[in-house]
Amino acid sequence: QVQVVESGGGLVQAGGSLRLSCAASGRTSKINVCGWYRQAPGKQRELVASINSFGSTNYADFVKGRFTISRDNAKNTVYLQMNSLKPEDTAVYYCNANIQGYWRSVWGQGTQVTVSS
């Protein structure tokens with residue numbers, strides 16, 4: 001009924017940029033709170049950034065000044081602009097969205113980000 005899909009991942013050189021998208025779809029698809037997470041091989045999943053329905057944002061220390069989370073409510077989409085990428089940013093990035101009127105948060109399938117040195 002409700003799903004979120006991440007896109008925009010890929011291979012980029014260190015210092016480069018990528019923009020990830022998290023799009024909600026279904027009968028109910030308005031995003032309230034959304035968080036971007038990442039998980040590298042052999043490591044725990046960690047919160048990267050979050051944004052609420054009012055546009056208030058929160059960032060992990062390791063991405064402050066480099067990443068920007070934003071939203072386009074008309075498109076039911078949340079973005080993660082990633083600049084000055086480092087090899088240690090390599091991970092699968094997941095979107096977790098709280099959908100208005102839906103009983104639970106929804107995880108996307110993830111999108112791979114690989115940063116080469």
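Which residues have the most contacts inside the largest nonpolar core? In this predicted model, local features need pLDDT of at least 70 and side-chain atom pairs count only at pLDDT 80 or more, while totals for chains, interfaces and linings use all residues. Residues are numbered from 1 along each chain as its sequence is written, and side-chain values use heavy atoms, with hydrogens and water left out.

The residues with the most contacts inside the largest nonpolar core are Trp 36, Leu 80, Met 82 and Tyr 93, and this core has 30 residues. A nonpolar core is a set of buried Ala, Val, Leu, Ile, Met, Phe, Trp, Tyr and Cys residues joined through side-chain atoms within 4.5 Å. Buried stands for under 20% relative accessible area, exposed for over 50%, and partly exposed for the range in between (1.4 Å probe, protein chains only). At least two residues of the core come from each of the strands β1 (2–7), β3 (18–26), β4 (31–39), β5 (46–51), β7 (67–72), β8 (77–82), β9 (91–99) and β11 (111–116). The most is given by β9, with five residues. Strands are DSSP runs (E, at least two residues), numbered from the N terminus. In soluble globular proteins, nonpolar side chains tend to be buried together.

Contacts (heavy atoms within 4.5 Å) were also listed for Met 82. Leaving aside residues up to four places away in sequence, Met 82 touches Gly 16, Ser 17, Leu 18, Leu 20, Arg 66, Phe 67, Tyr 93 and Val 113.

One disulfide is counted, where a disulfide is a pair of cysteine sulfur atoms within 2.5 Å. The bond joins Cys 22 to Cys 95, with an S to S distance of 2.0 Å. Cys 22 lies in strand β3 and Cys 95 in strand β9, so that distant parts of the chain, 73 residues apart, are linked. The link of Cys 22 and Cys 95 is left-handed, with -75° about the S-S bond. Cys 22 and Cys 95 are both buried. Cys 34 counts as buried because its relative accessibility is 0%.

Ser 84 counts as partly exposed because its relative accessibility is 41%.

Terms used. Helix = DSSP H or I, 4+ residues; strand = E, 2+ residues; numbered from the N terminus.
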